[in-house]
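This briefing is meant for a reader who is meeting this structure for the first time. Please look through the sequence and the model before reading on.

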Amino acid sequence: MHIWVDADACPKAIKEILYKAANRTQLALTLVANHALITPPSPYINCVQVASGFDVADDHIAQQAQPGDIVITADIPLAADIVARGAYGINPRGEVYTKQNIQQRLTMRNFMEEMRSTGQASGGPPPLDNRDKQSFANSLDKLLAKAKP
C-alpha cells in the first residue's frame, strides 16, 4: 500500500495527519504538486514536483496509483479514475470515495460546475474545521487497517 496526495490544494492540517500516519505505519507517502514542497525528514515521505498545467499532478497520480493504494484528493474526476482502478480515495474532509458513491459525486460536481458557470452558484466549501480533521483521521485509520496483514 502506498499513500498518494494531490498536494496542490491539500490543507496543511491534513498533510500533518498524513506525515504522522506514514511514520507510524512505515508506509510510503508521496505528495504530488506542481510546486516545491517542504516535508519533514522521513524515509517514508517524499515529494514529486510535476510541471505546471491543468491536471498534471492528477494525471501523475492516476498513472502511478495501484490497486489497494490510498489517494488523498478533493478532485472528483481523479477519485473516479483511481476508484475504478481499485485504489481507495479520501477527500480532506474524510469522505471515502467508493464504487457505490463516486458516480453520484461526479454527477453533483458536474451540476455544480454548470451552476457556477452560469452564475447561479458561487463560492466553495467552508474552511476545514476540527470535525473535518477528525473525520479524515478516522477514515484514514480505517483504510490503513486494511493494509495490516
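Predicted model: local features only at pLDDT ≥ 70, side-chain atom pairs only at ≥ 80, totals over all residues.

**Overall make-up**

- The protein has five helices and six strands, and, read from the N terminus on, these elements run in the order β-α-β-β-α-β-α-β-β-α-α.
- Of the 149 residues of the protein, 37% count as buried.

- S2 is largely enclosed by the rest of the structure, because five of its six residues are buried.

**The nonpolar cores**

- In soluble globular proteins, nonpolar side chains tend to be buried together.
- The largest nonpolar core in this model has 21 residues, and those with the most contacts inside it are Ile3, Val5, Leu18, Leu29, Ile70, Ile72 and Leu140.
- At least two residues of this core come from each of S1, H1, S2, S4 and H5, and H1, with five residues, gives the most to it.
- Leaving aside residues up to four places away in sequence, Ile3 touches Leu18, Ala28, Leu29, Thr30, Ile70, Ile72 and Leu144.
- Another core, of 18 residues, lies apart from the largest one, and among its members are Trp4, Ala57, Ile82 and Ile102.

**Helix H2**

- Helix H2 covers residues 56-64, and its buried residues are Ala57, Asp58, Ile61 and Ala62.
- These residues are on the same side of H2, because they cover an arc of only 135° around the axis.
- The elements that cover the buried residues of H2 include strand S1 (2-6), strand S2 (28-33), strand S4 (70-72) and helix H3 (76-84).

**Helix H5**

- Helix H5 (residues 130-145) has 16 residues, and the distance from its first C-alpha to its last is 22 Å, close to the 22 Å expected at 1.5 Å a residue.
- The buried residues in H5 are Asp132, Phe136, Ala137, Ser139, Leu140, Leu143 and Leu144, and they lie on the same side of H5 because they cover an arc of only 165° around the axis.
- An α-helix has 3.6 residues a turn, so residues three or four places apart point the same way.
- The buried residues of H5 pack against S1, helix H1 (12-25), S4, strand S5 (88-90) and strand S6 (96-97), whereas the face of H5 turned away from its buried side carries the exposed residues Asn130, Arg131 and Lys142.
- At the start of H5, a side-chain oxygen of Asp129 comes to within 3.1 Å of the backbone nitrogen of Arg131.

**Single residues to look at**

- Asp132 is found in helix H5 and counts as buried because its relative accessibility is 14%, where the cut-off for buried is under 20%.
- Not counting residues up to four places away in sequence, Asp132 touches Pro92, Arg93 and Pro127.
- Gln26, found in the loop between H1 and S2, has a positive phi of about 60° although it is not a glycine, and with a relative accessibility of 52% Gln26 counts as exposed.
- Asp55 has its place in the loop between S3 and H2, and its phi is near 65°, a positive value in a residue other than glycine.
- With a relative accessible area of 29%, Asp55 is partly exposed.

Note on methods. Residues numbered from 1 in each chain as written. Heavy atoms only, no water. Buried < 20%, exposed > 50% of the residue type's maximum accessible area, 1.4 Å probe, protein only. Helix = DSSP H or I, 4+ residues; strand = E, 2+ residues; numbered from the N terminus. Arc of directions from axis to C-beta. Contact = heavy atoms within 4.5 Å. Expected span 1.5 Å × (residues − 1). Polar contact = N/O pair within 3.5 Å; in protein donor to acceptor, adjacent residues only side chain to side chain. Core = buried A, V, L, I, M, F, W, Y, C linked by side-chain atoms within 4.5 Å.
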